[in-house]
Amino acid sequence: MSGAALGLEIVFVFFLALFLLHRYGDFKKQHRLVIIATLLAWYLCFLIVFILPLDVSTTIYNRCKLAVNSSPAESNGSYATIAPSKQECFKPWSYIPDGIMPIFWRVVYWTSQFLTWFLLPFMQSYARSGGFSITGKIKTALIENAIYYGTYLLIFGAFLIYVAVNPNFNLQWNQLQTIGIAAANTWGLFLLVLLLGYGLVEIPRSHWNGAKRGYLLMKTYFKAAKLMTEKADAAENLEDVMEAIRKVSESIKYNHPLRKCVDTILKKCPTEYQERMGRNMDDYEDFDERHNSYPSEKSLVKLHKQVIYSVQRHSRTQVQWQILLEQAFYLEDVAKNETSATRQFVHTFQSQEPENKIIQYFYTPTVEWYWECLLRPWFYRVLAVVMAMFSVIVVWSECTFFSTKPVLSLFAVFIQLAEKTYNYIYIEMACFLTIFFLSICVYSTVFRIRVFNYYYLASHHQTDAYSLLFSGMLFCRLTPPLCLNFLGLTHMDATISHKNTQPTAYTSIMGSMRVLSFIADGFYIYYPMLVVILCIATYFSLGTRCLNLLGFQQFMGDSEMTSDLIDEGKELIRKEKRKRQREEEGENRRREWKERYGNRDDSTRSRAVHTDQKESSFSETNTNRPLSKYTRSNGRTERDRIELLQDAEPLDFNADSVNDDPLELDSGRYQPGGRYLSMSRSNIFEGV
């Protein structure tokens, strides 16, 4: 099994990252480079979280081997543990051979740092740029990131000057590398504690409130009212942008040098707007630079950027509105079915998507009723209690992990107890659950936060490229300090435990933080205690109340504005429900009419066709000669009419009115101005 666990987790984490990215991104519409860069960032961060427990168990085994092979004097002087017997030092099932983990961590860490500090910010500006060429987009991205790169270069220079001026340090490449790692981890730890303090309280509370059906329904009504406002604003913004594009498209003709830029913008517009603008275009007129004023290329770049943003926002609000309606209808069905005597779940509307037959076979209406109305609330309550206990343990350990004698961190106590018996399964499970819970609290906050409309991770393939790349940047910056914080909580970091023991492979890549003592002994030790204050602020919803006072409507039970929005959302849901009920009733009536009278209409139609065939055959046999006579006369009349049309006078191509064309009313083939119907304004560019 040597190395097999590492390979299995590498494959599993890849598909996990691919699944999450497919849920939030859109593989068909978004650029492949954006998808690949985001997938790589997410994959590397998730991989660090899953592989780190294997590194811990392998390090404990290596410490055991060194304690056995070393002399008693070395074991008493260099190692804090008592040398066990050789029978106790057996290899863990997930043992990773020597030399693999350092190379693995070095590749993963430096790749993630290159992504978060250089590649992803550049791609972020590139994806948001409104340029019409690759060169223009690259130029815009470099200009936007000049200040960004300069700021971090200034911070790194400050650290470098501090170390150079201090006479106690002799600058070497390893120390310079450690300074860069310390600067990146300091920034990440600052953001990590903020997100962790919110997640430790909000995650258990959200699961506890998830067991309250009335609470979820009221919050859904509240979201519906806010989303309807955002949806109307997005539609209005899109209309304004489309109006600006229409004016630009009418002013810039087909032979203008900037016409290619306008065509590129039109391709980004919704289909209905493209057809509408195509019918109103008239490209027969040449442009004249002396008499007309045309927009510049910079204004077109700005307009192109607005189009991309407006179309994506409008599409996102439309999809979110449909999802929210389904959620509201389902919660209302749950509230109705709770008092059902038959104990079978009845849906008001049937699912629009076809369900899996296997799921239908096992997840019957009876099973659905027991799960939704009876078991699910209790499951969420139990899960919330377990998560609350984990949160308390994390807060306690964050405040006491620096204490080594006695050991107060509960996670360190658990690991040390398992280390004495060398129970590697227990060690890996304890490490995995600990770091997994920390990751859930931090990463879920990244998925929940929303910075106006610039950063927002929306599910069902509605996240834009800018937000995907920004999330990859956050993950790459948060994961290394998260892992270091976990190693400190479990006292596997020699900087925290103050023991001269073999470090983990991950800690060896980070280097010795003793180069910057004020960070290693100060910031890394005492700053995580701030999580207590953040948890208290989150518990009393201080951030929500501040946002509500600033005018950003937040869901608060004791607010009058919240009550008004709940009533508004309830009315909106009720209208949409009536609308869908009328649509289903009309569809059912049409289906019943077709089932009832469809066969009768088919039989009547077949009888009519059979009668016509008999009459036509009878007439052909009995009146063959008169029919040929009428046919010849009709053919002659047609020939006379064709000759009459050929003798008509030629058309005036410059005719200005309908009356100038004498044959328009009869033939219907010509239009004013001497144009054919196939060359009219409304149809000439429909295929473009």
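The model is predicted, so local features need pLDDT of at least 70 and side-chain atom pairs count only at pLDDT 80 or more, while totals for chains, interfaces and linings use all residues. Residues are numbered from 1 along each chain as its sequence is written, and side-chain values use heavy atoms, with hydrogens and water left out.

**Cysteines**

- The structure holds zero disulfides, a disulfide being a pair of cysteine sulfur atoms within 2.5 Å.
- Cys45 is in no disulfide, and the nearest cysteine sulfur, which belongs to Cys476, is 3.8 Å away.
- Cys45 counts as buried because its relative accessibility is 1%; buried means under 20% relative accessible area, exposed over 50%, and partly exposed in between, using a 1.4 Å probe and protein chains only.
- Cys535 is likewise in no disulfide, with the nearest cysteine sulfur, that of Cys399, 8.8 Å away, and Cys535 counts as buried at 9% relative accessibility.

**Backbone geometry**

- Most residues other than glycine have a negative phi, and most peptide bonds are trans.
- The peptide bond from Lys405 to Pro406 is cis, with omega near 0°, and Pro406 is found in the loop between α12 (365-400) and α13 (410-421); helices (H or I, at least four residues) and strands (E, at least two) are DSSP runs, numbered from the N terminus.
- Arg343, although not a glycine, has a positive phi of about 55°; Arg343 lies in the loop between α10 (297-337) and α11 (357-362) and is partly exposed, with a relative accessible area of 41%.
- His461, also not a glycine, has a positive phi of about 65°; His461 sits in the loop between β2 (455-456) and α15 (465-489) and is partly exposed at a relative accessible area of 32%.

**Second largest pocket**

- About 1,100 Å³ of space lies in the second largest pocket, where a pocket is an open set of points on a 1 Å grid over the protein atoms alone, where a 1.4 Å probe fits, with protein on both sides within 12 Å along at least five of seven lines, and lining residues have an atom within 4 Å of a point; the volume is the space filled by probe spheres set on the points, which are joined across faces, edges and corners.
- Of the 34 residues that line this pocket, Lys29, Gln30, Ala127, Ile308 and Ala465 are the closest to its centre.
- The largest share of the lining, nine residues, comes from α10.
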